[in-house]
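The sequence and the structure are shown first.

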Amino acid sequence: MPATTIKRTFAGRELSFETGRLGEQAHGAVLARYGETVVMVAAVSAKPRAGIDFFPLTVDYREMTYAAGKFPGGFFKREGRPTTKEILTCRAIDRPIRPLFPEHYKDDVAISAIAMASDRQNDPDLCAINGASAALAISQIPFDNVVGAVRVGKVDGKLTINPTIQQMDLSDLDLLLVCTAEAPVMIEVKAKEAPESVVAEAIRLGFDACQEIISMIRELQKKAGKPKQAAPGAPAEHPLKKTIVSRYYDAFAKGCFVKGKKERRAAMKEVKDRAAVELQKEFGSQPGWDTGLGEVWEHLETKAIRDSILKDEKRIDGRGLGDLRQISCEVGVLPRVHGSAIFNRGETQALCILTLGTTLDEQKIDGLREEFFKRFMLHYNFPAWSVGETWPNRGPKRREIGHGDLAERSLEPVVPGAEQFPYTVRVVSEIMSSNGSTSMASVCGGTLAMMDAGVPIKDPVAGISIGLVKEGKECKLLTDILGEEDHHGDMDFKVSGTQHGITGVQLDIKIAGLPLELIPKILNQARDARIQILKTMLSTLPRPRATMSAHAPKLVQVMINPSKIGKVVGPGGKMIRELQEKTGCEIDIHDSGRVTIFSKTGGDIAQARAWIEGLTSSPEVGRIYPGRVTGIKDFGAFIEFMPGQEGLCHISEIAGGYVERVSDHLKMGDSVNVKVLLVEDTGKVKLSIKAAQPPSEAKNAQ
């Protein structure tokens with residue numbers, strides 16, 4: 001099969017999709033290229049597994065270090081488990097396309113993307129998402145809702161489509177947008193307190209840009225696409241479905257509206273148990289009458305919850321559509337840790353713990369782009385018991401990685417810079433109880449934990465989730481959704497920010513797209529809720545604490561001339577090792593001349609600072625210094641008067657009278673005061689002991 005390629009110039013660089021040259025045994029294989037960044041994407045399907053009741057879509061994305069001309073780090077020179085970046089890109093491919101497959105499609109589908117070349121200008125994630133869309137489009141898999149993905153930044157105050165990686169480092173906005181021809185299906189935002197109007201404008205700009213990519217994929221599909229499999233029809237309806245709905249809808253709906261998650265589960269179980277007994281008596285003689293009843297009860301629950309919202313604007317916990325659940329906060333809840341907070345919203349509870357570290361605790365990120373270090377981290381843990389279940393804990397799942405990333409990028413814009421607050425900061429969100437919006441609870445709890453630890457954040461951040469129930473033209477927005485509303489609803493639109501603007505957004509949707517005209521309304525509704533939450537948070541702790549925990553490391557920074565770094569380090573590191581051993585401090589030196597001195601166990605920071613300043617400062621003519629005799633010669637004595645800095649005191653400058661032998665007046669190791677007489681251009685220093693003596697002592701010495 002000859003290769004087919006579609007090329008266009010897009011946002012100043014060449015974008016292309018090629019098929020037919022590589023991956024001929026995959027059901028759809030595309031080489032997506034943007035600039036000189038290349039990603040290979042393959043899509044394959046297999047027959048459905050017997051009895052499966054969900055859509056088994058698997059997405060895998062890998063960045064091969066050869067793509068950037070690098071070797072993998074670590075002992076084994078081979079790529080291993082997926083990095084955080086790779087996991088987040090897997091989610092960015094999966095989340096927008098999953099709801100676009102046919103409703104009853106249950107075939108196994110696997111999408112694999114490999115970043116094979118990177119120009120370090122264009123992030124491969126866009127090629128991976130667009131390549132996955134193209135691979136599905138040309139395959140026989142019944143996926144026909146093509147998507148396009150772009151990134152929108154704000155560079156030099158102007159919204160820009162697909163900025164380079166270097167431009168994004170300076171951007172106030174990072175918006176990843178995936179759209180169909182009709183509407184956005186995924187939104188990810190990191191922003192520096194962007195106004196709602198700016199985010200809405202960026203989404204609209206990105207939507208328009210996505211249309212060009214969609215048209216390219218459609219053109220590729222027209223030229224090289226395979227005939228599509230027929231989408232499966234709806235399975236046969238359970239023979240008792242209408243009977244169950246007519247008999248038990250009212251009782252089941254009543255159970256859905258019992259207050260409390262556990263209480264609702266119990267009330268609905270009571271109805272199901274009673275129905276099972278009654279139906280057994282009536283239909284027990286019919287073989288298989290009880291097979292598939294779970295789907296019928298799921299349908300009843302969905303119908304009851306959605307009917308109440310759409311028809312009565314009533315939610316299962318009794319709130320109005322725009323009401324928040326009850327919120328309470330605590331700070332300083334754990335001893336020994338550097339900062340801690342509990343954030344409760346209804347039955348969702350996050351315990352956030354903060355740890356302060358030093359520059360040595362920064363996380364090194366080694367990927368396809370240039371290495372860099374992270375000094376702010378947020379990790380999210382979701383144990384099974386937080387929802388009353390029993391699955392084993394075998395490390396963070398993709399969902400935990402994604403929720404932690406959302407909370408991290410929501411808080412990072414308000415973390416002070418290293419110049420103002422030279423600590424490494426790690427927040428861990430331990431979910432104690434979950435009933436919706438745990439990632440947003442992590443944002444709120446993380447803010448309070450930082451304030452409890454004395455981190456001088458720019459502004460407090462809160463987060464809220466907005467839900468959607470849509471039937472035809474009828475749609476209702478829900479503020480602060482419950483877990484059941486997320487499960488049975490159509491959208492989870494999470495928004496984080498300060499009182500001044502947005503810092504983070506994540507949209508997950510279960511329908512074919514979110515109408516553009518709803519987005520400004522959603523962002524404004526989220527802002528109103530966010531302000532209410534911030535008021536409650538600040539009533540608990542109005543500002544960051546003035547002092548840090550006694551258990552936090554003590555830390556100071558000193559700026560030295562970069563040319564003096566060698567003096568602090570010493571030959572083979574001798575000087576810095578001696579300094580650390582004698583003061584009990586750890587010292588980190590940056591190429592810029594920034595020296596960080598820190599102590600976790602009571603080291604003498606003041607002594608270390610004085611020592612470093614002495615090593616790196618220049619001697620002042622006329623100034624008197626305390627010194628120590630380090631060498632005796634016939635013509636004078638060498639005296640160390642600053643750390644690592646010696647000068648010569650000529651025999652004529654030792655005492656006021658005649659000095660026949662230096663050894664008559666000085667011995668090795670003697671402590672003496674010396675005055676700097678001269679600093680030569682070569683760096684040699686002339687010292688005087690007699691000039692440093694008080695007048696009375698100098699007279700007596702004569």
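## The loop at Ser549

In this predicted model, Ser549 lies in the loop that runs between α11 (519–540) and β22 (554–559). The side chain of Ser549 comes to 3.0 Å from the backbone nitrogen of His551, and, once neighbours within four places in sequence are set aside, Ser549 is in contact with Val337, His338 and Lys554.

## The loop at Ser434

Ser434 also has a loop position, between β17 (424–433) and α9 (438–452). Because its relative accessible area is 10%, which falls under the 20% cut-off, Ser434 counts as buried. Apart from neighbours within four places in sequence, the residues in contact with Ser434 are Lys261, Glu347, Thr348, Phe382, Ser386 and Val387.

## Strands β25, β28 and β29

Strand β28 (residues 671–679) pairs with strand β25 (residues 624–633) in an antiparallel arrangement joined by 5 bridges, and within this pairing Tyr625 has Val674 of β28 as its bridge partner. Strand β28 is also joined to strand β29 (residues 685–688), again antiparallel, through 4 bridges, with Val676 standing opposite Leu687 of β29.

The strands β28 and β29 form a hairpin with 5 residues between them, and in its turn Gly683 has a positive phi of about 100°.

## The nonpolar core

The largest nonpolar core holds 135 residues, among which Phe17, Phe101, Ile111, Met450, Met491, Phe493 and Leu514 touch the most other members. Helix α4 (residues 196–224) gives the most to this core, contributing 13 residues. In soluble globular proteins, nonpolar side chains tend to be buried together.

## The chain as a whole

The secondary structure of the protein amounts to 15 helices and 29 strands. The radius of gyration is 34 Å, whereas the globule rule gives 27 Å for 702 residues, a value that the model is well over, so the protein is more spread out than a compact globule. Along the principal axes, the C-alpha atoms fill a box of roughly 125 × 65 × 45 Å.

Of the 702 residues, 52% are buried, and the accessible surface comes to about 32900 Å², with 51% of it belonging to carbon and sulfur atoms. Among contacts between residues at least 6 apart in sequence, 69% join residues at least 24 apart.

Terms used: Residues are numbered from 1 along each chain as its sequence is written. This is a predicted model: local features need pLDDT of at least 70, side-chain atom pairs count only at pLDDT 80 or more; totals for chains, interfaces and linings use all residues. Side-chain values use heavy atoms; hydrogens and water are left out. Helices (H or I, at least four residues) and strands (E, at least two) are DSSP runs, numbered from the N terminus. A polar contact is a pair of N or O atoms within 3.5 Å; within protein, one must be able to donate a hydrogen and the other to accept it, and residues adjacent in sequence count only if both atoms are side-chain atoms. Contact means heavy atoms within 4.5 Å. Two strands pair if DSSP finds at least two bridges between them. A nonpolar core is a set of buried Ala, Val, Leu, Ile, Met, Phe, Trp, Tyr and Cys residues joined through side-chain atoms within 4.5 Å. Buried means under 20% relative accessible area, exposed over 50%, partly exposed in between (1.4 Å probe, protein chains only). The radius of gyration is taken over C-alpha atoms; the globule rule is 2.2 Å times the number of residues to the power 0.38. Accessible areas come from the Shrake-Rupley method with a 1.4 Å probe; for residues, only the protein chains shown count as cover.
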